[in-house]
Amino acid sequence: MLKIENLHARVEGKDILKGLTLTVNPGEVHAIMGPNGAGKSTLGNVLSGRDGYEVTAGSVLFEGHDLLAQEPEDRAAAGVFLAFQYPVEIPGVNNTYFLRAALNAQRKRRGEAELDSMQFLKLVREKLKIMQISDELLHRAVNEGFSGGEKKRNEIFQMAVLEPKLAILDETDSGLDIDALKQVAQGVNALRSPDRAFLVITHYQRLLDYIEPDFVHVLADGRIVESGDKTLALKLEEHGYAWVAERDPALAGEAST
Amino acid sequence: MSQSPAPVPFIDALRDAADLRLPGSGLAWLDAARRENLEAFIAAGLPDTRAEAWKYTALRALGQRRFALGDAQATGHLVDPHALALPGIDGPRLVFVNGVFRADLSRLETLSQGLTLQPLSKVLQNDPEPLRFALSRHYREAGDAFARLNAALAGDGVVLRVAPGARIGKPVHLCFVGTPAQGDVAWHVRNVIEVGEGAELNLVEHHLATASHKHLGTLVSDIVVHDGAKLHHALLQNAGEESTLIRRGSVHLGAKAQAMMHVLEIGGTLVRHDLHAELRGDGARFDTRGVFVLRGRQHIDTQLSIRHQALNTASESIWRGVADERARGVFRGAIVVAEGADGSDASLNNKNLLLSPLAEIDTKPELEIYADEVKAAHGATVGQLDERALFYLRSRGLPRAEARALLTAAFCRAVFTALPNETLRDHFSDALLAHLP
């Protein structure tokens, strides 16, 4: 589904990703862990097409197509979804209106029929049950005045409605208390399916107690330096990122920060 | 030997204007007022950008143009009455085509008790005396050029009175239509509107075009809202995209009188709107909500001035401007709280959005306070779309243009939430969205 090869990217003239290679198949949940500054968020931003990230080498194929050549809206229509680490507040734009416009824009791009307001409402009701999100949030402006937990749940709710093939969760656990974390994880788990893949980017192992990954990768200094199953996350929790650095002396400086 | 200045075609075209037969010609006082205003206009010419009020709006190009003195065919143009309709507005209607009253398109049969609504041309024929004061004015400021021109040449317009205590339920629809004619026409409309003590009036002013034309229209509106009266005035300016429109409104408010204006400016290529309010009676309130959305090479200059002259008066002005492509917007909001207007509350907020690096908006809030215990706030900003928000919307699948339109509409939307007529509010939103490139 997603094939990242030797990806190099820079931000503001600084090299951040330095040869990242990763393959994700349908149905798999991959966790990307790593210390601050390792390039975790850069990976999410590059995959979703944010401005300001310059890819200097490597390639990303999504279902066989060059993902990096596509506009952000085309990537969304192709089935890539990024749950933002910091969801943006958009005053004046109604949450439901926005979501329907987004879904219909994607459907239009894919040559599917747009949903009328009744059909959309029905879909939203179904997804609300999964997400346990209060429908009061739907009538407010996008993320405006939402608490940290509400913003993250709103991200997962959008994901539920848009039904992407690949969902990238960029530090979705940051700033959440344990109850909110469980709710978010529950939403994600409800959306797991044999044809949907997840890339869960996180600093802490905590989230992986609730979203069980098939693979765990350690990202350090712009590259994946260690891959394994979910037990790798536990090892990291126990030993810290310094443990990875010790195994790879070149990274010692990074890991100590 | 002094050199005579180069001839200005705009002025040149007025050479024979004094001999025009206009409605009301022959009334000695009106003839005199028209003549004096015409002479004053010709003597002073068009203001240049050295005049403070015209600093950001150059009239050189307009001065090079020659307009016909009115449109002799104005009553003959075919206009589809359905094109004039506004959703939710089905009350009395007064229609002017190229500045001339059109009985065939108007709706004056069933006027509510207490409402007098007539075209100026008819009032000048039948009973001009009550208008003597309003139409005998002399404009003295250099910036008043178009008011002088209007006073010299206006032969039609709206004369509207609401009797004291009358509450006019259905909105009164004033419709100004521009339509192509032989050559470029200059038309001038004069409106006199009075809302009697304790009365209530809903007014909808609509400027539109049947097809593209390059006419010049000037409108001067005098509005008086007497003690305890309420006026709501919604204005949709969607004039012809190549037309020039110059409007000047003055609103006088008595004690506890209230006026609320909603303005949406999207039409015209060169547009000037002067709006001056005087809060003359204790406890008067004047609120404005305005949006201008510009594209192409549109130029819109709004000059809002509000004068608090009595105790405990209040005004709140919320304006948004959007300029794309090479458009230019100007907003000046000047509030004076005069001596003695103690306890007054004035706020002015103008935010602007530039959608293109070649667009420009100049905003200038001014606040002068000479009274005590005054609450006053003003702020103005010029900015760009939030790139983070734009990316957020695009990452969810909205194409760039749609995301821009959504954010721009959101930027403007809050301004019209208080528009009382919901259908009209939706229409304003739709018109605004449709005008975004």
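**Entry 1. The six-stranded sheet of chain A**

I began with an open sheet of six strands in chain A, whose order is 6-9-10-3-11-12 and whose pairing is mixed. I note here that the model is predicted.

I reminded myself of the background: strands of a sheet pair through backbone hydrogen bonds, in either a parallel or an antiparallel manner.

In which sense do strand 6 and strand 9 of chain A pair? I found four bridges between strand 6 and strand 9 (residues 166-170) of chain A, in the parallel sense. One residue pair I recorded is Val80(A), whose bridge partner in strand 9 of chain A is Leu166(A).

I next looked for helices on this sheet. Helix 5 (residues 148-162) of chain A packs on the sheet and touches strand 6 and strand 9 of chain A. The direction of helix 5 makes about 165 degrees with that of strand 6 of chain A. Helix 1 (residues 40-48) of chain A lies across strand 3 (29-33), strand 6, strand 9, strand 10 (197-202) and strand 11 (215-220) of chain A. With strand 9 of chain A, helix 1 makes an angle of about 145 degrees.

**Entry 2. Helix 1 of chain A**

How many of the nine residues of helix 1 of chain A are buried? I found eight of the nine to be buried, so helix 1 of chain A is largely enclosed by the rest of the structure. Among the buried residues are Leu43(A), Val46(A) and Leu47(A), and Lys40(A), Thr42(A) and Asn45(A) also belong to this set. After the helix comes Gly49(A), which has a positive phi near 95 degrees.

**Entry 3. The four-stranded sheet of chain A**

I turned to an open sheet of four strands in chain A, with the order 2-1-4-5 and antiparallel pairing. Its edge strands are strand 2 and strand 5 (65-66) of chain A, each pairing on one side only.

Strand 1 (residues 2-11) of chain A pairs with strand 4 (residues 53-62) of chain A in the antiparallel sense, over eight bridges. On strand 4 of chain A, Ala57(A) is the bridge partner of His8(A), and Leu61(A) is the residue opposite Lys3(A).

Strand 1 of chain A also pairs with strand 2 (residues 14-24) of chain A, again antiparallel and over eight bridges. Here the bridge partner of Leu7(A) is Leu20(A). The hairpin formed by strand 1 and strand 2 of chain A has two residues between the strands, and in this hairpin Glu12(A) takes a positive phi near 50 degrees.

**Entry 4. Chain A as a whole**

I counted the secondary structure of chain A as nine helices and twelve strands. The radius of gyration of chain A is 18 Å, close to the 18 Å that the globule rule gives for 257 residues, so chain A is as compact as a globular protein of that length. Its C-alpha trace spans about 60 × 40 × 35 Å along the principal axes. Of the 257 residues of chain A, 45% count as buried. Taking contacts in chain A between residues at least 6 apart in sequence, I found that 71% join residues at least 24 apart.

**Entry 5. Where chain A meets chain B**

How many residues does the contact take from each chain? It takes 20 residues from chain A and 17 residues from chain B. On the chain A side, helix 2 (72-78), strand 7 (90-94), helix 3 (95-109) and helix 5 each supply at least two residues. By class, this side of chain A has 13 nonpolar, four polar and three charged residues.

**Entry 6. Pro23 and an annotated stretch of chain B**

I looked up Pro23(B), which lies in the loop between helix 1 (9-12) and helix 2 (28-44) of chain B. Is Pro23(B) buried or exposed? It has 21 C-beta neighbours inside 10 Å and therefore counts as buried. Leaving aside neighbours within four places in sequence, its contacts are Ser121(B), Leu124(B), Gln125(B), Gly155(B) and Asp156(B). The C-alpha atoms of Pro23(B) and Lys122(B) are separated by 7.9 Å, although the two residues are 99 residues apart along the chain.

Lastly, I consulted the unreviewed UniProt entry, which annotates residues 184-411 of chain B as "domain: SUF system FeS cluster assembly SufBD core". Over residues 184-411, chain B is 9% helix and 61% strand, and the end C-alpha atoms are 36 Å apart.

Conventions
Residues numbered from 1 in each chain as written. Chains lettered and ligands numbered in written order. Predicted model: local features only at pLDDT ≥ 70, side-chain atom pairs only at ≥ 80, totals over all residues. Rg over C-alpha atoms; globule rule 2.2 N^0.38 Å. Buried ≥ 20, exposed ≤ 12 C-beta atoms within 10 Å, placed from the backbone. Contact = placed C-beta atoms within 7 Å. UniProt positions renumbered as here; feature names shortened; annotations may be inferred. Pairing = 2+ DSSP bridges. Axes fitted to C-alpha atoms, helices over the stretch in contact; angles between N-to-C directions. Nonpolar A, V, L, I, M, F, W, Y, C, P; charged D, E, K, R; others polar.
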